Structure formats: structure tokens, C-alpha cells
Amino acid sequence: LNQVEVERAWSEQMGPAIQKYTTKLSFDKGTLYVRLQSSVLREELSYGKSKIIKNLNESLGKELVKKLILS
């Protein structure tokens with residue numbers, strides 16, 4: 001259930017442009033694993049990891065995402 005909620009929050013927060021480059025999302029024990037097609041986008045997002053985590057948790061209404069791993 002949390003997996004579905006986190007995927008929905010990712011889509012809502014990141015928007016269609018980033019969603020287009022997202023190839024795989026998985027959530028396990030507080031860690032969100034995101035696979036991206038674009039290395040440039042991966043680098044760009046890595047600078048704002050803490051803000052992304054904060055926005056995702058606000059969207060979810062609870063502290064689910066503790067760590068974000070971009071690959």
C-alpha cells in the first residue's frame with residue numbers, strides 16, 4: 001500500500017516532465033529507489049534530495065520516505 005502511495009506522490013510532486021524519464025520506482029523500508037533514464041536529470045535531482053523527500057512526505061501526510069536513492 002505504501003508503495004502505491006509513494007508512487008502517486010512522486011508523480012504529483014515531480015510532474016510529467018520528470019515522470020517521463022522515470023523508468024522504475026520501488027519503495028522498501030523507508031528508502032525510495034528511483035531509476036532515471038537521464039544522467040543529467042539524475043545529477044540535477046541529487047542536489048535537491050532533502051527537499052524532494054520533504055515534499056514527498058508532506059504530500060503523503062506522514063514520514064514514509066527517509067532516504068532517496070537515484071540511479
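Predicted model: local features only at pLDDT ≥ 70, side-chain atom pairs only at ≥ 80, totals over all residues.
1. Three strands form an open sheet in the order E1-E2-E3, and the pairing is mixed. E1 and E3 sit at the edges with a single partner strand each, so one side of each has no neighbour in the sheet. On average, neighbouring strands are turned by 15° against each other, direction ignored.

2. **The E2-E3 pair.** E2 and E3 run parallel and are joined by 4 bridges. If you want a spot to look at along this pair, Leu-32 stands opposite Leu-68 in E3.

3. **The two faces of E3.** In a regular strand, side chains alternate between the two faces of the sheet.

4. H1 lies across E1, E2 and E3, and runs at about 155° to E1. H3 lies across E2 and E3, with an angle of about 125° to E3.

5. In soluble globular proteins, nonpolar side chains tend to be buried together. The largest nonpolar core here has 20 residues, and those with the most contacts inside it are Trp-10, Leu-32, Val-34, Leu-45, Val-65 and Leu-68. Two or more residues come from each of helix H1 (2-21), strand E1 (22-28), strand E2 (31-36), helix H2 (39-46), helix H3 (49-60) and strand E3 (67-70). H1 provides the largest share of this core, 5 residues.

6. **A closer look at Val-65.** Which residues does Val-65 touch, leaving aside those up to four places away in sequence? The list is Val-6, Phe-27, Gly-30, Leu-32, Ile-53, Leu-56, Asn-57 and Leu-60. Val-65 is also one of the core residues with the most contacts inside the core, as is Leu-32.

7. **Lys-29, worth a glance.** Lys-29 is found in the loop between E1 and E2. Is this residue buried or exposed? Its relative accessibility is 77%, and exposed means over 50%, so Lys-29 counts as exposed. Most residues other than glycine have a negative phi. For Lys-29, phi is near 50°, a positive value in a residue other than glycine.

Conventions. Residues numbered from 1 in each chain as written. Heavy atoms only, no water. Core = buried A, V, L, I, M, F, W, Y, C linked by side-chain atoms within 4.5 Å. Buried < 20%, exposed > 50% of the residue type's maximum accessible area, 1.4 Å probe, protein only. Contact = heavy atoms within 4.5 Å. Pairing = 2+ DSSP bridges. Axes fitted to C-alpha atoms, helices over the stretch in contact; angles between N-to-C directions.
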